Structures are given as C-alpha cells and as structure tokens.
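Hi everyone, thanks for coming.

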Amino acid sequence: MKKSLAAIKEEFQMTPREDWNQLFSVYDEDDRKGVRDFLARCRKQLEKDREELERLEALCRYEKEYSDYEYICGIDEVGRGPLAGPVVAGAVILPKDVRIPGINDSKKLSEKKREELYDVIREKAICWAVGYASPQRIDEINILQATYEAMREAISQLDPVPGLLLNDAVKIPGVDIPQVPIIKGDAKSQSIAAASILAKVTRDRLMVEYDKLMPEYGFASNKGYGSAAHIAALKEVGPSPIHRATFIKNFGGEN
C-alpha cells in the first residue's frame with residue numbers, strides 16, 4: 001500500500017536535505033499528481049539551497065583570501081546621511097566555517113529579515129561590537145571623522161583583537177591593525193554584511209526610541225533621513241537635540 005502524501009511530506013520534513021536524494025529514489029515511481037508536484041517542489045528547494053550556498057561562498061571570497069589571519073573582522077557604518085541621530089559602526093568577527101543563509105548588504109534586506117539576521121549574527125559571532133558618534137560630535141569634527149571615531153570605538157571593544165579588518169570602502173586612520181578597504185564591501189563580504197546589519201538594526205531601534213520622545217519628526221519611519229514630512233516638521237517645529245546642526249542649515253533649522 002502506498003504511503004499517503006501527508007506521510008511522505010512528513011518523511012521529507014524529518015530527513016536532512018542532504019539525504020533527500022535517497023527519498024527521491026524511493027518515490028520517483030509514484031505516479032500520483034500530488035506526489036509528483038511535491039517532489040518537484042523539493043527539487044526546486046534543493047536547487048535554491050545550492051544557489052544560496054554558491055552565493056555565500058562568493059560572499060566569503062575575501063575571508064578565504066586572507067584566511068592566514070586567525071580573526072578577520074568586518075567593519076561597516078550606518079547613518080552618515082541622516083539629518084538627525086548618531087552614526088553607528090558595527091564590527092563583527094565570524095568563525096571561518098560559518099555561512100549565514102540570507103545575509104547580504106543591509107540595504108537590500110527587509111526590516112524583518114534584518115531583525116532575524118541580527119539575532120543569528122550575534123549568536124554565531126566570535127565577538128561583535130557597535131560604536132557611536134553623537135550628532136554633537138558629528139557637528140564638532142565632521143561626519144567622516146565621526147564615522148572613523150565610531151569605527152575605532154567598535155574595534156576597541158572586540159575580544160579577541162582582530163588580526164585583519166575588512167572595511168566597507170574606507171581605510172580607518174589611527175588603527176594599527178592591517179586593513180583591506182573594499183568598495184561596496186557590504187555586498188562582497190559576509191563579515192562586512194554582518195557588521196552592516198548590526199549597525200543598521202542598532203541605529204533603527206535607537207531612532208524608534210527617539211520617536212517616542214519626539215514624535216513630531218517621524219523618526220520611527222524616516223530614521224532621521226530627510227523625508228518630505230521630516231523636513232516640513234523641522235521647518236515648523238525647529239530642530240531637536242538630536243538634529244545635526246551642520247546638516248540642517250538649508251532647511252531653516254539651526255541651533
């Protein structure tokens with residue numbers, strides 16, 4: 001007597017995907033449409049898994065190229081462009097054999113996916129840290145120098161100390177650790193992508209908290225960036241304590 005489709009589905013669910021080929025050999029002769037359709041979906045899933053593994057391996061090409069270093073740290077920042085809020089830098093050291101499905105440049109991911117990956121990254125990382133530069137500090141030393149400062153702060157918190165830094169585009173001054181700047185690195189390095197996700201989720205959560213204190217600016221939705229509604233509120237209400245004075249002069253907002 002043939003197994004029911006429900007029983008076959010349960011068998012696949014209980015079997016690791018790498019062993020699905022054995023099940024295909026058992027059920028490929030089953031001519032029931034429901035079974036054939038289910039097997040086709042399983043094969044499509046395996047193909048997606050293979051493509052994702054290939055993407056992840058390509059995303060780790062710099063990590064593999066510099067594998068002589070025991071601890072490789074990805075560095076990225078979020079928040080250079082907003083009118084309000086801090087700039088936040090992330091730093092992550094991942095185990096060399098770790099591949100995190102779905103990881104990518106944080107800008108290419110949905111908020112829900114970033115939140116999911118944020119937890120996975122923190123769980124799998126050897127160590128991770130975030131650094132901040134306040135709006136006042138940004139006004140004082142400019143956004144580029146403030147970004148470097150936030151990056152140095154993040155690096156200084158790491159234990160173990162990284163042997164190599166993979167940076168998104170920049171070379172950080174004042175750091176003795178060897179660095180490899182990678183243009184669009186958050187889309188080319190798993191370590192940098194992980195750092196970008198940690199920084200993005202951290203900063204977004206902070207801006208949501210600021211929104212509770214200053215709801216007139218819409219920080220929960222615009223995260224401090226210059227949306228039309230944000231600029232209109234800035235002109236009407238004036239700047240908040242977390243606005244960057246050097247960024248809002250063109251919008252009539254000066255402290």
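So, what kinds of residues line the largest pocket: nonpolar, polar or charged? The lining divides into two nonpolar, four polar and nine charged residues. Here Ala, Val, Leu, Ile, Met, Phe, Trp, Tyr, Cys and Pro count as nonpolar, Asp, Glu, Lys and Arg as charged, and the others, Gly among them, as polar. Keep in mind that this is a predicted model, where local features need pLDDT of at least 70, side-chain atom pairs count only at pLDDT 80 or more, and totals for chains, interfaces and linings use all residues. Residues are numbered from 1 along each chain as its sequence is written, and side-chain values use heavy atoms, with hydrogens and water left out.

Okay, what's a pocket? On a 1 Å grid over the protein atoms alone, it's an open set of points where a 1.4 Å probe fits, with protein on both sides within 12 Å along at least five of seven lines; lining residues have an atom within 4 Å of a point. Grid points are joined across faces, edges and corners, and the volume is the space filled by probe spheres set on the points.

The largest pocket has a volume of about 210 Å³. Of its 15 lining residues, Glu77, Val78, Ser106, Lys107 and Tyr225 are the closest to its centre. Strand E1 gives the most to that lining, three residues. Helices (H or I, at least four residues) and strands (E, at least two) are DSSP runs, numbered from the N terminus.

The second largest pocket holds about 150 Å³. Glu63, Ile72, Leu94, Pro95 and Lys96 lie nearest its centre, and its lining divides into seven nonpolar, three polar and five charged residues.

Now for the inside. A nonpolar core is a set of buried Ala, Val, Leu, Ile, Met, Phe, Trp, Tyr and Cys residues joined through side-chain atoms within 4.5 Å; buried means under 20% relative accessible area, exposed over 50%, partly exposed in between (1.4 Å probe, protein chains only). The largest core has 23 residues, and Ile75 is one of those touching the most other members. Helix H7 supplies the largest share, seven residues.

Last stop: Asp204, in helix H8. Is this residue buried or exposed? Asp204 is buried, at 10% relative accessible area. Leaving out residues up to four places away in sequence, Asp204 touches Arg114 and Lys223 (contact means heavy atoms within 4.5 Å).
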